[in-house]
Amino acid sequence: TNPELSDHTEKSASLYDQACEVIPGGVTANIKYFKPHPLVMERGEKSHLFDVDGNEYIDYLLCYGALILGHGHHSVFEAVQNQMTQAGTTIFGTPHRLEIEMANKLIDLYPGIEMVRYTNSGLEATQLALRIASAYTGKSKVAKFEGHYHGGYDQVLLSVNPDESKAGLDAAPNAVPESSGISDHHVKNTLILPFNNINATEKLLREHAKDLSAVIIEPVQGGFIPAKQSFLNGLRKVTEELGILLIFDEVKTGFRLGLGGAQEIYNIKPDLTALGKVLGGGFPVGAVGGKKEIMMISASNKGRDILTAGANNNHKNEVLFHSGTYNGHPTVLAAGLATIHVLEQGSMMKDLISKTESLRSQLESLYASKNIPMKTVGIGSIFNILFTKSAIENYRDMKHADRNLREKIDYELLKLGIYTKPLNRYSMSVVHTDEDILATVHAHEKAIERVVENES
Ligand code: PMP
């Protein structure tokens, strides 16, 4: 049976029908769809969203975690307006000061970042990081972890959410394409590793070391399943030993576990880091940062830099292509810098994290009081709700959770004004209030009554 939304979403339904005429599936990213139709939003205000039918929601999607300051933060609006007014334009297409200012900020905050290049999305950032790794090491294969998402391109769009029947052994997962149209070349050349299992990971890496340029990892899978410290320590050690670069994809974790991302919390220096989301203050952005010696391989202008900055001699004459009309967009960087400045004020990050922990523990107590096995899984300002008692350490463990119950609760929550796409994780912002948290816990209580107590 189709889950139902409220009776008050007729305008969303009608706009969705119109969208379907001109946009395949009616959505601009497949992930935005849910049954019977997605909700069409019209306005945001702080932690709240308003749809075209006038329904109000407390927003926990926050544009997939990008809006850490919530909707319409005055510092971001002012920074964008001032930047455009002072520059007299939206973009120069030339070098400008904010590129340097943001790079210095990232170098200050991220232990693994000594130099920076910009892109326009998280996808492009991970893609550039992988190319840099390949060019630097002279090796062509890459390794990624099962269940980890790095953007929707062929090289890494494998085994993100694989069908159990195709996924293979726990200790040696198969490369399963997530989409039709993915080249066989990448199915063969991308090694899939089991997250949080250091022995199996190490064994696979040793077997393939001579071909592997890089291991890319979400240090916190999906933004909510943390790597074990011993696992990341082991991964850092073995990649270093084998001459494989370690890439942290911090597109979700950047500015969300702390200002310096997962690498600061875990005290591990990756060779390369991909950033996105929060970095753009709500505008499209990505960045790659890393060790100077490695990053210098993208300085293909063979100007002063490549001769003086200690670039690896072996690569002096090779050209690494990196380009993009909008890279380092000044308006976007102004929004990103304004966002970081707000996060740096006082106890902003600490308060955001304790607010998140408070919501998590209130929800856990509520479900415990109703005898429903539920746990929140997360770290920093993102978490997920899983209906299970089992430990959740990787993609396969999530299969133990009751998705059906979660989906039913999520649809009731939507009707009660709590917005997160059904089955999606919860992201918090600095502008979520105590009242929001209280209302969210109450909505869960009502949703439980409707779903569980009415059924029994
Ligand atoms: N890596 C991670 C860990 C992500 O979560 C995402 C986006 N959800 C990406 C890469 C891709 O970023 P974008 O959507 O900006 O291309």
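Start by selecting Pro36, which sits in the loop between helix 1 (10–22) and strand 1 (41–45). Helices here are DSSP runs of H or I with at least four residues, strands are E runs of at least two, and both are numbered from the N terminus. Residue numbers count from 1 along each chain as its sequence is written. Keep in mind that this is a predicted model: local features need pLDDT of at least 70, side-chain atom pairs count only at pLDDT 80 or more, and totals for chains, interfaces and linings use all residues.

The peptide bond from Lys35 to Pro36 is cis, with omega near -10 degrees. Next, hop to Leu62, in the loop between strand 3 (56–59) and helix 2 (74–87). Leu62 isn't a glycine, yet its phi is positive, at about 45 degrees. Why stop at these spots? Because most residues other than glycine have a negative phi, and most peptide bonds are trans.

Zoom out and colour by domain. Domain 1 covers 10–72 + 346–453, and domain 2 covers 74–344 (bounds like these come from an automatic or database domain assignment). Taken over C-alpha atoms, the centres of the two domains are 27 Å apart. Where they meet, 24 residues of domain 1 are in contact with 29 residues of domain 2; contact means that the C-beta atoms, placed from the backbone, lie within 7 Å. Which elements give two or more residues to domain 1's side of this meeting place? Select helix 12 (348–369), strand 15 (375–379) and strand 16 (382–386). By class, that side has 13 nonpolar, seven polar and four charged residues. (Nonpolar means Ala, Val, Leu, Ile, Met, Phe, Trp, Tyr, Cys and Pro; charged means Asp, Glu, Lys and Arg; the others, Gly among them, are polar.)

The axes are lines fitted to C-alpha atoms, for helices over the stretch in contact, and angles run from 0 to 180 degrees between N-to-C directions. Under 35 degrees counts as roughly parallel, over 145 as roughly antiparallel, 65 to 115 as roughly perpendicular, and the rest as oblique. To see the contact, show Ser358, Leu359, Gln362, Leu363 and Leu366 from helix 12 with Ile437, Thr440, Val441, His444 and Glu445 from helix 14.

The axes of helix 13 and helix 14 come within 9 Å and cross at roughly 120 degrees, so helix 13 and helix 14 are oblique to each other. Show Lys408, Ile409, Glu412 and Leu413 in helix 13, which meet Ala443, Ala447, Arg450 and Val451 in helix 14. This contact has five nonpolar, no polar and three charged residues.

Last stop: the ligand. Of the 13 residues around it, Ser121, Gly122, Leu123, Gly151 and Val251 come nearest (a residue is near a molecule if its C-beta atom, placed from the backbone, lies within 6 Å of it). Sorted by class, the shell has four nonpolar, six polar and three charged residues.

Conventions:
Two residues are in contact if their C-beta atoms, placed from the backbone, lie within 7 Å.
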